[in-house]
Amino acid sequence: MSEHHEDHQHMNIPKYVGIFAILIVGTILTYFAATIDLDWIFPGANTLVALLIAFTKMTCVMLFFMHVYWSKRMIWLAAVASFFWLAIMFSYTMQDYLTRSAGVFSS
Amino acid sequence: MSAHYSDKFVYHEPGLQHQFEDMGQQEESVSIGMWMFLAQEIMFFGGLFTAYLVFRSKYPMAFAAGSNHLDAFWGGLNTIVLIVSSLTMALTVYYAQKGNRNMQVILILLTMFFGMVFLGVKAIEYTDKFNHGIVPVAGLNRKVKAAPNAEHEVAHEKPCYEVEHGGAEVEHEYVNPHGEFLWTDCSLAKLAQDHKPNSYLTEAERIGYYSNGEIDANKFRDKVRIFFWIYFIMTGLHALHMIVGLGLMTWLLWTAWKGNYNGEYYMPVEMSGLYWHFVDIVWIFLFPLLYLLGRHFMH
């Protein structure tokens with residue numbers, strides 16, 4: 001029983017606080033990155049930076065707060081597959097909307 | 001009969017449901033069930049993120065204009081409040097695994113407190129939008145009285161047959177008599193057109209903002225209204241998830257108070273935690289995608 005107990009104590013308080021600090025720094029970084037004009041790289045570069053930070057924060061929450069890092073393969077599959085489906089929804093929707101102005105269906 | 005039963009008897013953890021072989025199998029089943037639920041929640045919000053993607057790719061400048069009206073301070077504060085509540089939730093699971101009842105109760109109360117702070121800030125923001133007349137549904141906004149110096153213009157705009165009868169009621173004129181969506185600022189469309197050589201208007205914008213070759217304030221307003229529809233639906237659905245989460249926390253508080261959880265049986269805490277962290281993750285994306293779109297145009 002005590003063996004079972006220790007199986008689940010992967011994180012300790014300093015580690016939780018460390019992840020928390022990363023999330024707070026990420027939030028502050030998101031705000032200041034949004035105030036800098038990055039349109040000289042390409043229009044919408046600000047959004048790309050914001051999304052990269054958001055994905056990093058999400059990965060930290062999922063791996064350590066939600067304990068995916070120590071979970072079974074099946075949990076990894078569920079977590080990754082949901083984003084794969086999301087990507088299918090985004091890409092098939094956008095390949096329609098982004099091409100409506102060209103070709104036989106343009107008006 | 002009883003001899004047969006006692007032959008088969010093995011130690012049985014108090015938290016084990018009868019359909020499972022052991023705690024390990026029960027925990028695995030519960031986790032997979034919860035993650036399937038979260039996967040469908042991702043698709044649930046995913047539909048709205050898709051709507052956001054479609055309309056933002058069509059009208060980026062209108063979205064930036066709408067976003068600049070949101071208060072990034074409140075949005076950022078709420079992000080931090082939710083991250084703190086995620087930390088207290090993660091620590092609740094930690095202490096549930098330790099079987100520390102008092103710390104569980106304290107941390108669940110803290111999590112609920114931060115959840116309610118989040119909803120309070122949201123209420124402040126929604127009130128501000130209502131007062132500024134930018135709730136997208138006609139009739140929901142505060143009616144704004146026309147400025148005194150604008151009264152004459154309002155009177156002149158009236159058809160002649162109405163002025164004859166109701167000319168004395170000019171001081172009661174509202175700029176949005178039915179609580180319509182109020183938006184007059186189309187400066188970002190102008191900015192993209194004139195001063196931002198690296199920015200561009202999309203094809204949809206070149207059609208959607210203009211009439212007779214001029215930027216049309218009303219057409220721009222309609223595109224901003226799309227942004228606010230998406231803003232209210234997404235943050236509203238997120239707030240609904242927060243309310244459900246608070247209900248979950250109330251139940252968790254009661255069961256933790258009774259001392260139900262320990263190193264062998266803590267899955268209800270862990271699963272409620274997964275839900276809470278999921279709601280946090282949605283907000284991690286909503287904050288930059290709704291509040292920070294046009295900040296870099298503001299100087």
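Me: How many helices and strands does chain B have?
Reply: In this predicted model, chain B comes to 11 helices and two strands. Helices (H or I, at least four residues) and strands (E, at least two) are DSSP runs, numbered from the N terminus. Along the sequence, chain B follows the pattern α-α-α-α-α-α-α-α-α-β-β-α-α.

Me: And how are residues and chains labelled?
Reply: Residues are numbered from 1 along each chain as its sequence is written, while chains are lettered from A and ligands numbered from 1 in the order in which they are written. As the model is predicted, local features need pLDDT of at least 70 and side-chain atom pairs count only at pLDDT 80 or more, whereas totals for chains, interfaces and linings use all residues.

Me: What share of chain B is buried?
Reply: Of its 299 residues, 36% count as buried. A residue is buried if 20 or more other C-beta atoms lie within 10 Å of its own, exposed if 12 or fewer, and partly exposed in between, with C-beta atoms placed from the backbone.

Me: Which residues have the most contacts inside the largest nonpolar core?
Reply: They are B:M61, B:A62, B:F227, B:V282, B:L286 and B:L290, in a core of 90 residues. A nonpolar core is a set of buried Ala, Val, Leu, Ile, Met, Phe, Trp, Tyr and Cys residues joined through C-beta atoms within 7 Å. Helix α11(B) gives the most to this core, with 17 residues.

Me: What does B:F227 touch?
Reply: Leaving out residues up to four places away in sequence, B:F227 touches B:A62, B:F63, B:G66 and B:S67. Two residues are in contact if their C-beta atoms, placed from the backbone, lie within 7 Å.

Me: Now the two chains. How many residues of chain B are in contact with chain A?
Reply: There are 42 residues of chain B in contact with 45 residues of chain A. On the chain B side, α2 (23-58), α4 (72-98) and α11 (267-291) each supply at least two residues. Helix α2(B) gives the most, with 14 residues. The residues of this side divide into 23 nonpolar, 13 polar and six charged. Here Ala, Val, Leu, Ile, Met, Phe, Trp, Tyr, Cys and Pro count as nonpolar, Asp, Glu, Lys and Arg as charged, and the others, Gly among them, as polar.

Me: Over to chain A. At what angle do α2 and α3 pack?
Reply: Helix α2 (residues 13-35) and helix α3 (residues 45-65) of chain A pack at an angle of about 170°, with their axes 10 Å apart. That makes α2(A) roughly antiparallel to α3(A), a term for angles over 145 degrees. The contact includes A:I19 and A:I22 of α2(A) and A:V49 and A:I53 of α3(A).

Me: Is A:H67 buried or exposed?
Reply: A:H67 is buried, because 20 other C-beta atoms lie within 10 Å. A:H67 is found in the loop between α3 and α4 (73-97) of chain A, and has a positive phi of about 60° although it is not a glycine.

Me: And B:N212, buried or exposed?
Reply: B:N212 is exposed, because it has 5 other C-beta atoms within 10 Å. Its place is in the loop between β1 (210-211) and β2 (214-215) of chain B. B:N212 has a positive phi of about 55° although it is not a glycine.

Me: Last one: what is the mean pLDDT of chain A?
Reply: The mean is 87, and 86% of the residues of chain A reach 70 or more. pLDDT is the predictor's confidence in each residue, from 0 to 100.

Notes: Axes are lines fitted to C-alpha atoms, for helices over the stretch in contact, and angles run from 0 to 180 degrees between N-to-C directions. Angles under 35 degrees count as roughly parallel, over 145 as roughly antiparallel, 65 to 115 as roughly perpendicular and the rest as oblique.
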